[in-house]
Amino acid sequence: TECFVDELAAAAGKDPFEFRRDLIRNDRLKRVLVTAAEKADWGKPLAKGHGRGIACFEGYGSCAAHVVEVSVSGDKIKLHRAVCVVDPGMALNPSGVEAQMQGALSDGLSTSLKAAITIKDGGVEQTSYFDYEWLRMDEVPQVEVHILQSGENPGGMGEVGYPSVAPAVANAVAAATGKRVRKFPIKV
């Protein structure tokens, strides 16, 4: 959905962040989206071959947004920066909220770019992490987590940080290459 929102923005000739911001009616979701864009320097020019992608999600009583910056050279995608903003209502344990967002980001980046499950002759081919790849430490981008507290009831943190990661990466790759992503893990 968040990738399609970028396509709608492009069709309307609008900036993807501004297009989303103008559509969102939920004040908490809008606030995390705007904060993510501000913290990530949305609109600041990037070098050729670089792109920023943005996406947001509301669920489990919380709201989250991600901005991911990548560069693409040949068939290589390099992650440079990820800005995560979350409004969990009330962060009872801010370090736990930060850890959940970091873990969700790691999972989202890994499944966006590397992890794939393939089937051959009716069985799963992957058996462990040597052939079901996850991000390595040297592949993790600069990460920032910003927690906004709206004072609402505490929301869930287990999954809220995951759904907007892959579309933010896909939208960043599309911004860098001009080609829309239609399949994960992303191959350029």
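Colleague: Among contacts in the chain between residues at least 6 apart in sequence, what share joins residues at least 24 apart?

Modeller: A contact means heavy atoms within 4.5 Å, and in this chain 65% of those contacts join residues at least 24 apart. This is a predicted model, in which local features need pLDDT of at least 70 and side-chain atom pairs count only at pLDDT 80 or more, while totals for chains, interfaces and linings use all residues. Residues are numbered from 1 along each chain as its sequence is written, and side-chain values use heavy atoms, with hydrogens and water left out.

Colleague: How many helices and strands does the chain have?

Modeller: Helices (H or I, at least four residues) and strands (E, at least two) are DSSP runs numbered from the N terminus; here there are five helices and six strands, in the order α-α-α-β-β-β-α-β-β-β-α.

Colleague: At what angle do helix α1 and helix α5 pack?

Modeller: Axes are lines fitted to C-alpha atoms, for helices over the stretch in contact, and angles run from 0 to 180 degrees between N-to-C directions. Helix α1 (residues 2-11) packs against helix α5 (residues 165-177) at about 35 degrees, with the axes 8 Å apart, and Glu 2, Cys 3 and Asp 6 of α1 meet Pro 167, Ala 170 and Asn 171 of α5.

Colleague: What percentage of the 188 residues is buried?

Modeller: Buried means under 20% relative accessible area, exposed over 50%, and partly exposed in between, with a 1.4 Å probe and protein chains only; in this chain, buried residues make up 45% of the 188. The C-alpha atoms fill a box of roughly 50 × 40 × 30 Å, taken along the principal axes.
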